[in-house]
Amino acid sequence: MKLLRNTVIRAGLEALYFSGAHHLLRPIFAGVGIIFMLHHVRPRRDDEFQPNHHLEVEPEFLRAILEHLRALDVDIVTMDEVHQRLQKRNFARRFACFTLDDGYRDNRDYALPVMREFDAPLTVYVTSDFAEGTGRLWWVALERAIAKTPSIEVPIGGTATRLDTSTPAAKQAAFDRVHDWLRRLPGEHDLQREISALCTRHDVDESLIARDLCMSWEELKAFADDSLVTIGAHTITHCNLTRLSEDTAWLELTESRARIEAKLQRPVLHLAYPYGDRIAAGQREFALAKAAGFKTAVTTRPGMIFAESADHMTALQRVSLNGNYQDERIIPVLTSGAATAMWNGFRRIDAA
């Protein structure tokens with residue numbers, strides 16, 4: 001199903017490009033700006049099985065995006081500037097903002113050097129438990145468990161279900177099925193219980209993953225000292241906030257902010273919701289983020305920034321730079337707003 005969806009999305013992006021429709025739609029749907037969403041920036045891996053590939057782009061693709069924006073004479077700005085322009089209704093020039101979720105070490109090693117070439121700022125949203133080295137990146141743990149075994153068994157729907165993982169294609173199908181099942185479980189503790197059991201069965205030390213992939217507090221402190229870098233919050237545990245009680249969700253927002261501020265000795269004014277889609281962030285979460293004092297909060301709901309976004313500062317839409325679509329031809333399609341407009345049924349704001 002995901003392969004089919006990716007094929008359909010790619011076909012849609014290419015259709016917009018080859019038809020030239022994105023040129024016609026740009027004046028209507030490009031909005032006043034764009035917030036890009038990234039996770040990993042690093043050279044392509046050679047592994048046949050890469051189910052999380054959509055979360056990573058290569059440095060060359062990031063460079064191509066920046067070159068395109070500079071050619072368009074678009075301002076590349078901080079999240080503080082995004083907030084200020086929306087608040088003051090300052091739309092004389094279009095802007096772009098680059099945001100990266102989770103706090104991966106490759107953001108420092110590969111993204112920042114490219115951004116420096118263009119004197120372009122970036123915002124990195126830190127999950128505080130990842131920086132502590134105690135967090136659980138369950139989607140990576142699932143990838144590592146499936147990668148090393150010819151079959152797995154999981155209790156989908158309460159029934160022990162054995163899935164073939166003997167080939168790269170079978171591994172991908174199993175990953176997609178288990179990933180979707182885990183995200184549908186009722187509570188965060190249910191998800192962690194099942195992924196921990198799977199890791200135990202297949203000898204994957206999930207406790208090492210955060211330390212392997214994410215910047216520590218010491219590394220973040222040096223990283224944050226760079227004038228191009230803004231640090232935002234991404235909760236304590238990278239949880240689905242909608243699954244939590246209001247008190248617990250409030251703690252995830254406020255305590256994560258407090259930890260980062262204490263460790264890095266700088267204010268944290270911007271938030272990214274983990275997962276950030278409709279099933280992970282809604283009206284309650286938008287209100288909590290505002291009450292917690294965040295200037296802005298970003299979702300993963302696709303969309304450009306419009307003047308009306310000023311009324312939804314804690315429900316801002318982003319455009320994903322997806323590792324599955326690293327084709328320079330689609331860059332002008334993405335910045336035109338045509339693709340997200342079609343995805344949203346031509347609604348400009350998705351904050352309900």
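Colleague: Is Arg318 buried or exposed?

Modeller: Buried, with a relative accessible area of 1%. Keep in mind that this is a predicted model.

Colleague: Where does Arg318 sit?

Modeller: In strand β12, which covers residues 316–320.

Colleague: Which side chains does the Arg318 side chain make polar contacts with?

Modeller: Thr99 is one of them, at 2.9 Å. The side chain of Asp101 is another, also at 2.9 Å.

Colleague: How far is Arg318 from Thr340, C-alpha to C-alpha?

Modeller: The separation is 9.4 Å. Along the chain they are 22 residues apart.

Colleague: Switching to His234. Where is that one?

Modeller: His234 is in a loop. The loop runs between β9 (229–233) and α12 (246–264).

Colleague: And is His234 buried or exposed?

Modeller: His234 is buried, with a relative accessible area of 1%. The cut-off for buried is under 20%.

Colleague: What does the His234 side chain reach?

Modeller: The backbone oxygen of Ala272, at 2.7 Å. There is also a polar contact between the side chains of His234 and His238, at 3.4 Å.

Colleague: Which residues is His234 in contact with, leaving aside neighbours within four places in sequence?

Modeller: The list includes Asp101, Asp102, Tyr125, Val126 and Thr127. Leu271, Ala272, Tyr273 and Pro274 are on it too.

Colleague: OK, zooming out. How many helices and strands does the protein chain have?

Modeller: There are 15 helices and twelve strands. The radius of gyration is 20 Å, close to the 20 Å that the globule rule gives for 352 residues, so the chain is as compact as a globular protein of that length.

Colleague: What does the C-alpha trace span along its principal axes?

Modeller: About 60 × 50 × 35 Å.

Colleague: How much of the chain is buried?

Modeller: Buried residues make up 57% of the 352. The accessible surface is about 14900 Å², and 53% of that belongs to carbon and sulfur atoms.

Colleague: What about contacts between residues at least 6 apart in sequence?

Modeller: Of those, 74% join residues at least 24 apart.

Colleague: Last one. How many positive and negative side chains are there?

Modeller: The chain has 43 positive and 48 negative. The centres of the two sets lie 3 Å apart.

Methods. Residues numbered from 1 in each chain as written. Predicted model: local features only at pLDDT ≥ 70, side-chain atom pairs only at ≥ 80, totals over all residues. Heavy atoms only, no water. Helix = DSSP H or I, 4+ residues; strand = E, 2+ residues; numbered from the N terminus. Rg over C-alpha atoms; globule rule 2.2 N^0.38 Å. Buried < 20%, exposed > 50% of the residue type's maximum accessible area, 1.4 Å probe, protein only. Contact = heavy atoms within 4.5 Å. Areas by Shrake-Rupley, 256 points an atom, 1.4 Å probe, with all protein chains shown as cover. Lys, Arg positive; Asp, Glu negative; His and termini not counted. Charge placed at Lys NZ, Arg CZ, Asp CG, Glu CD. Polar contact = N/O pair within 3.5 Å; in protein donor to acceptor, adjacent residues only side chain to side chain.
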